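Dear colleague,

My notes on it follow directly after.

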Amino acid sequence: MIKKNFICKIIEEDIKKKNKKIKTRFPPEPNGYLHIGHAKSIYINFNIAKKYHGECNLRFDDTNPQKEKKIYIKKIIQDIKWLGYKLTNNNIKYASNYFTLYYKYAKQLIKKKLAYIDHLSLQKIKKYRGTFNLKGINSPFRNRSIKQNLFYFKQMKKGVYNEGDICLRLKINMKSNNLTLRDPIIYRIKKHQHYKTKKQWCIYPTYDFAHCIADAIEKITHSICTLEFQNNRPLYEWILKNINIDHIPQQYEFARLNITYTLTSKRKINILIKNNVVSGWDDPRLLTISGMRQRGFTPSVIYNFCKLIGVSKQESIIDINILEECLRKELNISSYRLMAVLNPLKVKIINLKKYIYKYVPNHPHDIKKGKRKIILTNEIYIDKKDFQENYKNNFHGLILNKKIKLRYLGVLKCLNIKKKYNKIIYITCKYYKFEKKYKTLNIIHWVSKKHSIKSKFIILNQLFLKKKPNETHDILTIINKKSLIIKKGYVEKFQKIRIFQFEREGYFKLNKNHQDLTFNRIISLKKNLNKTKQKHAKKKI
RNA sequence: UGGGGUAUAGCCAAGUGGUAAGGCAUCGGGUUUUGAUCCCGACAUCCCAGGUUCAAAUCCUGGUACCCCUGCCA
């Protein structure tokens with residue numbers, strides 16, 4: 001259930017007063033893929049509706065034919081469904097379905113002398129609008145007769161004018177302190193073909209005109225949007241007050257979601273795609289819904305994240321850590337454990353004539369996940385990172401002439417290093433059965449050569465080097481070149497499951513797009529360098 | 001003296017006149033054959049200055065900082 005926030009409070013008040021059924025909507029423009037920021041809005045709108053036994057529409061805000069594409073409709077629906085929200089023919093709506101109604105209301109406003117056709121050029125409109133400190137000037141076309149306005153509006157609709165020639169404006173107040181009220185444009189000519197209505201129209205309503213009317217038509221009670229629309233609210237209310245419509249929704253605004261080290265702007269993601277920094281909208285390094293799905297996020301992780309961060313009007317930037325912790329929290333519970341070596345170093349065990357095996361749990365706390373057989377043979381792989389010739393830098397792996405625990409099975413002592421051209425080819429070790437005196441030794445993971453499978457591992461890291469990539473103009477200069485690293489190693493034989501925790505490495509997901517066996521790292525394990533833990537790590541035998 | 005918003009810990013965020021929830025991060029400690037998990041503990045007088053009150057993060061006055069607004073984008 002959604003946590004109570006300031007919007008919930010408003011709704012509770014409204015329900016008390018009006019005893020009305022509430023209705024919300026999520027209104028994306030189909031001009032790109034959905035991202036984590038949309039997920040927050042979806043979470044708010046759908047869950048508020050659920051909490052107060054109301055309804056929530058998905059409405060495509062498709063009033064600008066230049067930017068919108070059919071493909072995005074499909075992707076958006078797919079993503080919302082994947083997030084776990086119900087979409088049916090009854091709650092999927094299109095602003096473009098209301099084009100005739102918008103047109104009707106526009107004519108109504110003309111007849112009320114509240115709208116006029118302006119022949120001013122774009123430049124002049126801009127100039128006449130004034131600035132924060134400079135009042136606007138009325139257009140010379142402002143006081144034309146209703147008849148003339150109606151005539152030109154019809155001509156405009158017929159297509160006798162070109163883009164930018166004329167437009168329909170509301171007659172509000174050119175001296176308003178709120179720039180959005182200085183005779184806003186509500187209809188413009190666009191000759192670009194609309195992805196849905198095709199060539200039926202060449203005039204299109206602007207966001208300000210279409211949105212409030214669509215809300216009213218759908219009988220939305222609470223129209224929830226982001227903070228930057230606060231200035232538009234008086235216009236939203238003005239339009240609904242001045243057309244003949246019986247339902248009046250209320251607009252409320254919340255702060256957009258920002259996350260450290262990430263970017264969600266569609267424009268900037270496009271730059272990344274065009275420059276081949278990422279493979280596409282669903283690249284697992286992006287926080288698009290499809291990217292996150294690829295990566296190994298689940299709908300519940302995203303839900304829990306949205307729940308955790310709350311809803312307020314305070315502009316904020318959420319630490320990426322919180323998202324990652326939500327991910328780990330769930331994966332820790334659900335993932336089967338396995339061992340995989342990403343940077344293999346061969347180890348020859350001199351005193352192991354036969355193999356040794358043991359049945360070990362697939363999950364440390366969840367017995368139901370069962371056990372698997374692991375086999376130690378005289379040739380195994382350990383990770384290069386877990387071996388050093390001499391001790392330095394708080395190292396906690398295997399060192400020449402020292403011992404280390406092998407995860408689950410016994411103890412190893414390094415006797416020799418076999419080198420060629422100063423490069424380590426393999427090391428030789430002696431095996432010891434586990435005894436209590438070895439309890440405090442550090443531990444490493446391993447796979448045996450004979451009983452493991454060759455695999456690729458794709459390590460995904462954050463895309464940007466800066467905490468607030470938004471503040472950098474040229475984002476291409478702050479790309480983390482190590483955001484995708486491919487490693488070749490070995491993994492234990494495994495059952496048909498897609499997500500695993502490779503012990504001491506992180507959570508990985510089987511990547512079905514590759515021909516060779518490939519795992520993507522969803523997220524690393526947390527690294528906690530606590531002093532208590534360091535104490536334990538000091539003893540070396 | 002343009003207008004509209006927002007200020008509570010490093011990051012989020014509850015609290016709406018009765019003595020500062022919770023999460024993440026950080027720092028201590030404990031359990032553990034994953035430096036994981038789990039468990040325990042520490043961590044703010046609420047942007048500033050005045051005022052009202054027995055009592056103020058909450059009310060009043062005056063400041064300060066940051067965000068949004070000059071698309072025929074949404």
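In which loop is the place of N393? N393 lies in the loop between strand 16 (387-388) and strand 17 (398-399). Please bear in mind that this is a predicted model. Chain A has an average pLDDT of 96, and 98% of its residues score at least 70. For the complex, the predictor gives an ipTM of 0.96 and a pTM of 0.96.

As background, most residues other than glycine have a negative phi. With regard to solvent, N393 has a relative accessibility of 69% and therefore counts as exposed, the cut-off being over 50%.

The other finding concerns a pair of helices. Helix 4 (residues 99-111) packs with helix 6 (residues 146-158) at an angle of about 155°, and their axes are 9 Å apart. Because angles over 145 degrees count as roughly antiparallel, helix 4 is described as roughly antiparallel to helix 6. The two helices, helix 4 and helix 6, cross in a right-handed sense.

On the side of helix 4, the contact involves Y103, A106, K107, I110 and K111; these meet I146, N149, L150, F153, K154 and K157 in helix 6. Sorted by class, this contact of helix 4 with helix 6 comprises six nonpolar, one polar and four charged residues.

With kind regards

Conventions. Residues are numbered from 1 along each chain as its sequence is written. Chains are lettered from A and ligands numbered from 1 in the order in which they are written. This is a predicted model: local features need pLDDT of at least 70, side-chain atom pairs count only at pLDDT 80 or more; totals for chains, interfaces and linings use all residues. Side-chain values use heavy atoms; hydrogens and water are left out. pLDDT is the predictor's confidence in each residue, from 0 to 100. Helices (H or I, at least four residues) and strands (E, at least two) are DSSP runs, numbered from the N terminus. Buried means under 20% relative accessible area, exposed over 50%, partly exposed in between (1.4 Å probe, protein chains only). Axes are lines fitted to C-alpha atoms, for helices over the stretch in contact, and angles run from 0 to 180 degrees between N-to-C directions. Angles under 35 degrees count as roughly parallel, over 145 as roughly antiparallel, 65 to 115 as roughly perpendicular and the rest as oblique. A crossing is left-handed if the near helix is turned anticlockwise from the far one by less than a right angle, and right-handed if clockwise. Contact means heavy atoms within 4.5 Å. Ala, Val, Leu, Ile, Met, Phe, Trp, Tyr, Cys and Pro count as nonpolar, Asp, Glu, Lys and Arg as charged, and the others, Gly among them, as polar.
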